[in-house]
Amino acid sequence: MNRKRQGVLGVFTTAVLALSVALVPTAHAANEIVVWADETRGPHLTSVFAAKGDWVPGYTIKVVTFSSYSALGDALDKATGTSGPDIFVGGNDWVVASAKSGKLAPVTLTASQKAQFTSSQLYDLTYGGKLYGVPLDINNVAMIYNTKLVSSAPKTFGDMVNFYQANKTKLGLKNGLCVTGGGMSWGGLSFFSALGADPYLMTAKGKVNTVQGFNPTTFGNNLKKYLIDPATGKSNGFLASSNTTCNDDYYAGKVPYSVIGNWEWATYVAKGFAMNLMPVPSVDGGYGHMFGSVSGAFLTSYADKHGVAVGAKSLLVNFFGSTPGQVAYEKVEGRPPANKGAQSDPGVSDAQKGFGAAAALAGIPQIGAILDNKAGGSNYWDSSGDYWTQTLINGKDPLIEARKLSKIWKANVTAAKALI
């Protein structure tokens, strides 16, 4: 999660149930748990706690809302034992720096509490073998299919390509598969993985397999088979690698499949489209992986200094990490809850459940130490986007380009091994 991803909104103010807004608080009342959040989460937490404020008996909860996600990050950087929060809500990519600086306190969950989350979600909030928070909600994409065009879910990647090729002219299809959620590098991981290429894989215990690359011959041949027009050596039109009107084309019935972000679903629902969410099917009938990182609620070391560590830990587990807490919050927030019980609760929407289920099936954590690494000559973000450009647009040999890509990704994983 990038601190600069959100815009600046006005700062909200409220004084109900000891919930207040300020940029940098300078005092902590007795038995008061202070929670910091950004400009969207803060007001939502405020409304949830106003409706029910007794999640931790004997304590009041004070929500501090910042004008943007970036402003929250800057305040955390400057926080001290006097001014800092007891809990804050943020992205998993803040864990390393905050843990190293001593601003986070480790969290211990029981086996039953851990069972409410996937191993990769807990991995997202872990550093040096210690867990520093509870997974709150998921940041991911999933694929939907247009029931005005397609009657049932595709079982393989080939099923989708076959439908597109058989109906392109008859239905006037512009493309077969679009990505509107996160672009061709972040959202496009699903396509890479479905065709046989992953920047890294996770073990069954939720650890990174640091020696796993991918077979460039298998991947390159899959690309040629499914995405390349033999007559031109370039894209056959199925994958919309450079389409800037994917949403409108899907709405207009010109694209049967689309990968959307979990922040986009309400628009599709408003236009009457079904939330038949699923991971992108792979060539072998499995699923392509997606980035399924989580945002979390984090316990700070300041809670102990303020004398509210016991209450803060209780709020973290009983509200932020629990099924009823996440249901209450995500009804307002609208994101897919991380808690497994909340994902199936009737109190959250079908879209939220669908994104959560898709992440559980095929999500992998977004690991910056690997993805941002340039030991192979380029990071994941640049090299992945360039691969689509070189093969689908410029017509370069998918096998040769796949070998280059495999070499880059393997070098980046190897270099990052000591950092993860």
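1. The model discussed here is predicted. Strand β13 covers residues 257-261, and its pairing with β7 is antiparallel, over 5 bridges.

2. Which way do the side chains of β7 point? Val141, Met143 and Tyr145 point one way, while Ala142 and Ile144 point the other way. In a regular strand, side chains alternate between the two faces of the sheet. On both sides of β7 these residues are buried. Because 5 of the 5 residues of β7 are buried, the strand is largely enclosed by the rest of the structure.

3. The sheet that holds β7 is open and has 3 strands, in the order β7-β13-β8, with mixed pairing. β7 and β8 are its edge strands, and each of them pairs on one side only. On average, neighbouring strands of this sheet are turned by 25° against each other, direction ignored. The parallel part of the pairing is found between β8 and β13, over 3 bridges. Cys178 stands opposite Ser258 of β13.

4. Asn146 lies in the loop between β7 (141-145) and α6. Is Asn146 buried or exposed? Its relative accessible area is 0%, so Asn146 is buried. Leaving aside residues up to four places away in sequence, Asn146 touches Tyr250, Gly253, Val255, Pro256 and Phe273.

5. A second open sheet has 5 strands in the order β2-β1-β3-β15-β6, and the pairing is again mixed. β2 (60-65) and β6 stand at the edges with a single partner strand each, so one side of each has no neighbour in the sheet. Here neighbouring strands are turned by 20° against each other on average, direction ignored. Within the sheet, β3 (residues 87-91) and β15 (residues 293-299) run antiparallel and are joined by 5 bridges. Phe88 has Phe298 in β15 as its bridge partner.

6. Two helices that pack on this sheet can be taken together. α1 touches β1 (32-37), β2, β3, β6 and β15, and its direction makes about 160° with that of β2. Helix α13 (residues 309-320) also packs on the sheet, touching β1, β2, β3, β6 and β15. The direction of α13 makes about 150° with that of β15.

7. How many salt bridges does the structure hold? There are 5 salt bridges. Side chains of opposite charge can pair when their charged atoms come close. In one of the 5 salt bridges, Arg41 pairs with Asp137, and the closest N and O atoms are 2.8 Å apart. This pair links distant parts of the chain, with Arg41 in helix α1 (residues 41-51) and Asp137 in strand β6 (residues 133-139), 96 residues apart. Arg41 and Asp137 are both buried.

8. Asp249 and Lys174 form another salt bridge, at 3.5 Å from N to O. Asp249 belongs to helix α10 (residues 246-251), and Lys174 to the loop between α6 (157-171) and β8 (177-179); the two are 75 residues apart, and the pair links distant parts of the chain. Why does Asp249 count as buried? Its relative accessibility is 10%, and buried means under 20%. Lys174, at 44% relative accessibility, counts as partly exposed, because that class lies between the buried limit and the exposed limit of 50%.

9. The side chains of Glu333 and Arg335 also meet in a salt bridge, at 2.6 Å from N to O. Both Glu333 and Arg335 are buried.

10. Helix α19 (residues 398-416) has 19 residues, which at 1.5 Å a residue should span 27 Å. The end C-alpha atoms of α19 are 27 Å apart, in agreement with that value. The N-terminal end of α19 is capped by Asp397, with a side-chain oxygen 2.8 Å from the backbone nitrogen of Leu399.

11. Among the buried residues of α19 are Pro398, Leu399, Glu401, Leu405, Trp409 and Asn412. What covers the buried residues of α19? The cover includes α8 (189-195), α9 (216-227), β11 (228-229), α17 (368-371) and α18 (380-393).

12. One backbone angle should be noted. Most residues other than glycine have a negative phi. Phi of Asn31 is near 55°, a positive value in a residue other than glycine. Asn31 lies in the segment before β1. Asn31 is partly exposed, with a relative accessible area of 39%.

Notes:
Residues are numbered from 1 along each chain as its sequence is written. This is a predicted model: local features need pLDDT of at least 70, side-chain atom pairs count only at pLDDT 80 or more; totals for chains, interfaces and linings use all residues. Side-chain values use heavy atoms; hydrogens and water are left out. A salt bridge is a side-chain nitrogen of Lys or Arg within 4 Å of a carboxyl oxygen of Asp or Glu. Helices (H or I, at least four residues) and strands (E, at least two) are DSSP runs, numbered from the N terminus. Buried means under 20% relative accessible area, exposed over 50%, partly exposed in between (1.4 Å probe, protein chains only). Two strands pair if DSSP finds at least two bridges between them. Axes are lines fitted to C-alpha atoms, for helices over the stretch in contact, and angles run from 0 to 180 degrees between N-to-C directions. Contact means heavy atoms within 4.5 Å. The expected span of a helix is 1.5 Å times one less than its number of residues. A polar contact is a pair of N or O atoms within 3.5 Å; within protein, one must be able to donate a hydrogen and the other to accept it, and residues adjacent in sequence count only if both atoms are side-chain atoms.
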